[in-house]
Amino acid sequence: MGALAALLLAGGLRLASADTSGGGAASAAQTVNCPTVRDKLPAVPATANAEVERELANLDQEIARQNERLARLAVKPEGGANFVNNAILGPLKNKRTAVLDRIEIAFNRVGAQRPNLDALAACGLN
């Protein structure tokens, strides 16, 4: 239990899902680190706002899901050295690409210039 307390203090209590980890020195404090999207968007047309907000919420929810997976991996590691890249970061990039495409399409659908959000798909780890 003392190791958990030291780990939490060292990790800066970053996220509740990451704080519950109980071991795994290197991966205990890891969380997904993705580029922000909202601040990179041009003005969102009012007619596309609801759809864009829904997709931005999807991005946040997916990051939270993957942070939960990382927290579980800190307690019970699985896979090899590339597991996080293959099972978390790779699929997350694919999901983010799909969501970002839907945001771009929402702009295009209402006649606004389609923003280029492709560079915001890839994530790393903190």
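Reader: How many disulfides does the structure hold?
Author: Keep in mind that this is a predicted model. A disulfide is a covalent bond between the sulfur atoms of two cysteines. Here C34 is joined to C123 in that way, with S to S at 2.0 Å. The count for the structure is 1 disulfide.

Reader: Okay, so which hand does the disulfide of C34 and C123 have?
Author: For that, look at the torsion about the S-S bond. It comes to about 110° for C34 and C123, so the disulfide is right-handed.

Reader: How many residues apart in sequence are the parts that this pair ties together?
Author: C34 sits in the loop between β1 (32-33) and α3 (49-75). C123 sits in the loop between α4 (83-109) and β2 (124-125). The pair therefore ties together parts whose separation in sequence is 89 residues.

Reader: Is C34 buried or exposed?
Author: The relative accessible area of C34 is 15%. Buried means under 20%, so C34 counts as buried. For C34, then, the word is buried.

Reader: Which element gives the largest share of the largest nonpolar core?
Author: That core has 14 residues, and V37, L41, V52, L56, L100 and I103 touch the most other members. The elements that give two or more residues to this core are α3 and α4. The largest share, 5 residues, comes from α4.

Reader: What is I103 in contact with, leaving aside its neighbours within four places in sequence?
Author: I103 is one of the core residues that touch the most other members. Once those sequence neighbours are set aside, the contacts of I103 are V37, L41, V52, E55, L56 and L117.

Reader: How many residues are in the other core that lies apart from it?
Author: V32, I63, L70 and I88 are among the members of this other core. Its size is 12 residues.

Reader: Now the pockets! Which element gives the most to the lining of the largest pocket?
Author: The largest pocket has a volume of about 200 Å³. It is lined by 13 residues, and P35, T36, V37, D60 and I63 lie nearest its centre. β1 and α3 each supply at least two residues of the lining. The one that gives the most, with 4 residues, is α3.

Reader: And how do the residues lining the second largest pocket divide by class?
Author: This pocket holds about 160 Å³ of space. Its lining has 11 residues, of which L73, E78, G80, F83 and V84 lie nearest the centre. By class they divide into 5 nonpolar, 5 polar and 1 charged.

Technical notes. Residues numbered from 1 in each chain as written. Predicted model: local features only at pLDDT ≥ 70, side-chain atom pairs only at ≥ 80, totals over all residues. Heavy atoms only, no water. Disulfide = S-S within 2.5 Å. Buried < 20%, exposed > 50% of the residue type's maximum accessible area, 1.4 Å probe, protein only. Core = buried A, V, L, I, M, F, W, Y, C linked by side-chain atoms within 4.5 Å. Contact = heavy atoms within 4.5 Å. 1 Å grid on protein atoms, 1.4 Å probe; cavity = no way out; pocket = protein on both sides within 12 Å on 5 of 7 lines; lining within 4 Å. Points joined across faces, edges and corners; volume = space filled by probe spheres on them. Nonpolar A, V, L, I, M, F, W, Y, C, P; charged D, E, K, R; others polar.
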